[in-house]
Amino acid sequence: MLRALVISDDGYKSPGLWLVAKTLIDMGFKTIVATTLRPSSAMSHSITFNKELDLSIRRNQDLITVVVDGKPCDAFYAGLAVSDKGPDIVISGINLGENTSIQNSLYSSTVAVALEAGMIGFKSIAISVDAYRIEDFRNEWLRKILITVVRASTEWIIKYGMPNGVIAFNINVPLVKSYGTIPSVKVTKMAKRRFEQRAKITNSKMRIVSNEMKLVPGTDSYEVKIQKNITVVPLTLCIDGISQCKPIDLISTFNFANYINSSLRELVK
């Protein structure tokens, strides 16, 4: 039996988490859900060392649920620890809120977990949706699109594996409201920045304030926010300026995106 590990940084009540888990169970995967006790966005690769964390585990026939009072990467490693065999695929998400741009992806716990999984050799995907309310997940058409993205991504990766040079895929889905509207799937580069941020200081208090920047055509942020397309970004880990990255198999990456695109088109036939 194939095995899947699903992680959420939105907490165990996340509707996106359970949408992914149910989809994978329906596909026949033995599934482990590992999540934080409470929403834990923007923690990136942060992990808890040298401190015991509260943990609860619930086991059912096709589902193991692990809830950790810690950070998203803590939850990922807890999920690995309770599995009797490594997962065939790791899905991080579906996150409430898009994770486009290099800036957002460096902050993102959702993307960080997918990269963490990819670094140690697991096939992995981060999936986020440009929606910020739990109520948006009640939109039946959006749910069909998200289920199709999860199912198609999983089917392709299980069959073909990750393309050479790709550590993980970062997938972002726009908020689709109109029944029958099918977004296109685009392989894109990341925008550098999404927000201009500064510290606002008053007396002995401060807070970070953000202003959205102008979106640049041809980037993931522009495609998701303006064009309302689904974006696929292949992620690598060459950030030190010296290491030589393996060439990315772009043909396989485009085939991956095209498979999702074709699966979505089936929804209106």
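A: In this predicted model, Lys186 stands opposite Thr231 in β11. The two strands concerned, β8 and β11 (residues 230-235), are joined by 3 bridges and run parallel. Helix α7, which spans residues 250-265, packs on the sheet here, touching β8 and β11 as well as β7 (168-173), and the direction of helix α7 makes about 170° with that of β8.

Seen as a whole, the sheet is an open one of 9 strands with mixed pairing, in the order β3-β4-β2-β1-β5-β6-β7-β11-β8. Because β3 (55-59) and β8 (185-187) stand at the edges and each has a single partner strand, one side of each is left without a neighbour in the sheet. On average, and with direction ignored, neighbouring strands of this sheet are turned by 20° against each other.

Another helix that packs on the sheet is α1, made up of residues 15-26, which touches β1 (3-8), β2 (30-36), β4 (63-68) and β5 (89-96); the direction of helix α1 makes about 145° with that of β5. Within helix α1 lies Thr23, and this residue counts as buried because its relative accessibility is 5%, where the cut-off for buried is under 20%. When its neighbours within four places in sequence are left aside, Thr23 is in contact with Ile147, Val150 and Arg151.

Conventions: Residues numbered from 1 in each chain as written. Predicted model: local features only at pLDDT ≥ 70, side-chain atom pairs only at ≥ 80, totals over all residues. Heavy atoms only, no water. Pairing = 2+ DSSP bridges. Helix = DSSP H or I, 4+ residues; strand = E, 2+ residues; numbered from the N terminus. Axes fitted to C-alpha atoms, helices over the stretch in contact; angles between N-to-C directions. Contact = heavy atoms within 4.5 Å. Buried < 20%, exposed > 50% of the residue type's maximum accessible area, 1.4 Å probe, protein only.
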